[in-house]
Amino acid sequence: MNQDELKTLVGQAALHYVPPGEIIGVGTGSTVNKFIDALAGMKDRIRGAVSSSQASTARLQALGIPVFDCNEVGELAVYIDGADEIDPHGHMVKGGGAALTREKIVAAQSRQFVCIADDSKRVQTLGKFPLPVEVIPMASARVARQFAALGGQGRLRLVNGVPLVTDNGQHILDVTGLQIADPLAFEALVNLWPGVVEVGVFAHQKAAVCLLGTAQGVQTLVY
Ligand code: 5RP
């Protein structure tokens, strides 16, 4: 199976974690797109979704799935999203799609994070994938210098030569050269730096379950 087929497989497997009659949290990315497409098949059995990005909102609505604002709803039963990296404890790096801040907000509002990923995302230690960090534009150079002091190299994410602007109107720094040995401490530290909106380490909002697409089928990892 190729990577796209593995994404379809885990997207479909995630339907087992969708409780009937509920509003669920929905993430962002190519794997989640497969999940959203599968979810359309049971849209009459859920009340709707809270979405982590404008892109996912558009896809959900195009398929006839009602989308609610976070502030309109209480705790969500489940949040389903992909990851750029996942370690043996369920800690993740996320934000490859620039939606990390909203993803963390919806994850924090949910009882259970179900991660859907193909097995290329599994790592021993977080840090190989460039770490996305959402920053207030005026702070990006200073935040990059703070990462340099930790041995990381921060680069502003560009689209067509200009800084990418997130759904929240901010910029993304992608940081390479890090080995994140203690994700809980690292997440807490970086989120204290002035100008950081959110760091793409999901240790405090880690996965409870990962549905991993492998050549042997879907492997369920519970943390
Ligand atoms: C978006 C994310 C995605 O979950 C992550 O980038 C994985 O994406 P994909 O499923 O396309 O590999 O964090 O901000």
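Student: How far apart do the C-alpha centres of domain 1 and domain 2 lie?

Tutor: The C-alpha centres of the two domains lie 23 Å apart. Domain 1 covers 3-123 + 204-222 and domain 2 covers 131-200, with bounds that come from an automatic or database domain assignment. This is a predicted model, in which local features need pLDDT of at least 70 and side-chain atom pairs count only at pLDDT 80 or more, while totals for chains, interfaces and linings use all residues. Residues are numbered from 1 along each chain as its sequence is written, and side-chain values use heavy atoms, with hydrogens and water left out.

Student: How much area do domain 1 and domain 2 bury between them?

Tutor: Buried area is the accessible area (1.4 Å probe) that two parts lose on being put together, summed over both. For domain 1 and domain 2 this is about 1400 Å², with 52% of it on carbon and sulfur atoms. Leu100, Lys104 and His204 supply 38% of the area that domain 1 buries against domain 2, more than any other three residues.

Student: What makes the pair Lys104 and Glu187 a salt bridge?

Tutor: The term requires a side-chain nitrogen of Lys or Arg within 4 Å of a carboxyl oxygen of Asp or Glu. The closest N and O atoms of Lys104 and Glu187 are 2.6 Å apart, so the pair meets the definition. Lys104 is in helix α4 and Glu187 in helix α6 (residues 183-190), 83 residues apart. The count between domain 1 and domain 2 is 2 salt bridges.

Student: Why is Lys104 called buried?

Tutor: Buried means under 20% relative accessible area, whereas exposed means over 50% and partly exposed lies in between (1.4 Å probe, protein chains only). Lys104 has a relative accessible area of 6%, and therefore counts as buried. Glu187 is also buried, because its relative accessibility is 2%.

Student: Are Arg111 and Glu75 buried or exposed?

Tutor: Both Arg111 and Glu75 are exposed. Their side chains meet in a salt bridge (2.8 Å, N to O).

Terms used: Helix = DSSP H or I, 4+ residues; strand = E, 2+ residues; numbered from the N terminus.
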